Amino acid sequence: MPYTPGAVLDGLQASLGSVTLGAVDSEGVAWYLQTLEGWDSPEVRASWTDREGDHGAWASPVYYGSRPITLGGTIVAPSRVLLEQAMDQLRAAAGLTDTLLVVQESTPKQAVVRRSGKLLIQYVTATTASFNVLVTAADPRRYGTTLMTTTTKLPSTTGGLTLPAATPWLLSATVAAGQIDAVNDGDVETRPVLTITGPVVAPQIQAQMPDGSVRLATFSQDLASGDVLVIDTDAHTVTLNGSVSRRRFLTIPSGWPTIPAGAVTSFIFRSTAYNPTATLTAAWRSAWQ
């Protein structure tokens, strides 16, 4: 029975690079996704050392490891030529370089993966084949497909009292906070990318954590007009104008700022001198384990 191009098939839906699984493509090829192993939880790295002369063991810190994922299913094509074409598409999509895997759930989620095992594609009939693809996400988190981005300027004050002034005095003033409130709807911490655009003198970011603590990120150099400083809190890199490392000029005495699970972190932009064109941009995705 021919399939209708664009139709959604029963079962799981995902996309690996340019290949959509769980749907019928424009050539009328049906891609059934029947297994998705490893999407439920990442690996864990931990060790235990037996306590000498006592019960139990000493536990090391526990970290998530990489996330191996296996996608398995069936390809049904209108002809052998289209089946072979679909098989080649899958081989290309499961590449040796970074590929985006998106899984359609009630909240769609994504991970960046690379092929990490032999790609198994076997003929079942002249127009049907089964497939099994093993890929691995080096970053174990599953991220929301929506990238959140917010920009703020340095705080400014308008109004207030100007001296000399006649009584009665009017002391009201309005302060633009220069603050970004970043929400993580997931169940594991996420790590934002913070971008500062000059001109700005010795910029500082104050990250107010949900537990009341503050994590400071202070850059000791000035940024000229047009300079762009990118702080990647996951990769732990600081890059000026897309290519020059400036990590040694960033001080983070309390650790890299993050956005904890199901919480809000407020990023406050500060400088020793006000400039109306300086900006701070935070970009992040909600993250799940």
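**Notebook: loops, sheets and a pocket**

I began in a loop: Asn241 lies between E23 and E24. This is a predicted model, so I kept in mind that local features need pLDDT of at least 70. I checked the backbone of Asn241 and found a positive phi of about 55°, although Asn241 is not a glycine. Most residues other than glycine have a negative phi. I then looked up the accessibility of Asn241, which is partly exposed at a relative accessible area of 41%.

Next I turned to His236, in the loop between E22 and strand E23 (237-240). Its phi is near 60°, again positive in a residue other than glycine. His236 is partly exposed as well, with a relative accessible area of 38%.

I also went looking for cis peptides. The bond from Gly198 to Pro199 is cis, with omega near 10°, and Pro199 sits in the loop between E19 and E20. In general, most peptide bonds are trans.

I went through the pairs in turn. E18 pairs with E26 (residues 264-270) over 5 antiparallel bridges, and Asp181 stands opposite Ser266. E20 (residues 204-208) and E21 (residues 214-219) are likewise antiparallel, joined by 5 bridges, with Gln206 opposite Leu216. E20 and E21 form a hairpin with 5 residues between them, and Gly212 in the turn has a positive phi of about 95°. From E21 to E25 I found 2 bridges, also antiparallel, with Leu250 as the bridge partner of Phe219.

**The largest pocket**

I looked up the largest pocket and got a volume of about 430 Å³. Its lining has 20 residues, and Asp139, Tyr143, Arg191, Asp234 and Arg285 lie nearest the centre. The elements giving two or more residues to this lining are strand E11 (109-115) and strand E27 (279-284); E11 gives the most, with 3 residues. By class I have 11 nonpolar, 2 polar and 7 charged lining residues.

**Lys109**

My last stop was Lys109, in strand E11. Is Lys109 buried or exposed? Its relative accessible area is 7%, which is under the 20% cut-off, so Lys109 is buried. I then asked which groups its side chain reaches. There is a polar contact with the side chain of Glu105 at 3.1 Å, and the backbone oxygen of Thr107 is reached at 3.0 Å. Leaving out residues up to four places away in sequence, I listed the residues Lys109 touches: Trp39, Leu101, Val102, Val103, Arg142, Tyr143, Thr145 and Trp288. Tyr143 was already on my page, among the residues nearest the pocket centre.

Note on methods. Residues are numbered from 1 along each chain as its sequence is written. This is a predicted model: local features need pLDDT of at least 70, side-chain atom pairs count only at pLDDT 80 or more; totals for chains, interfaces and linings use all residues. Side-chain values use heavy atoms; hydrogens and water are left out. On a 1 Å grid over the protein atoms alone, a cavity is a set of points where a 1.4 Å probe fits but cannot get out, and a pocket is an open set with protein on both sides within 12 Å along at least five of seven lines; lining residues have an atom within 4 Å of a point. Grid points are joined across faces, edges and corners, and a volume is the space filled by probe spheres set on the points. Helices (H or I, at least four residues) and strands (E, at least two) are DSSP runs, numbered from the N terminus. Ala, Val, Leu, Ile, Met, Phe, Trp, Tyr, Cys and Pro count as nonpolar, Asp, Glu, Lys and Arg as charged, and the others, Gly among them, as polar. Buried means under 20% relative accessible area, exposed over 50%, partly exposed in between (1.4 Å probe, protein chains only). A polar contact is a pair of N or O atoms within 3.5 Å; within protein, one must be able to donate a hydrogen and the other to accept it, and residues adjacent in sequence count only if both atoms are side-chain atoms. Contact means heavy atoms within 4.5 Å. Two strands pair if DSSP finds at least two bridges between them.
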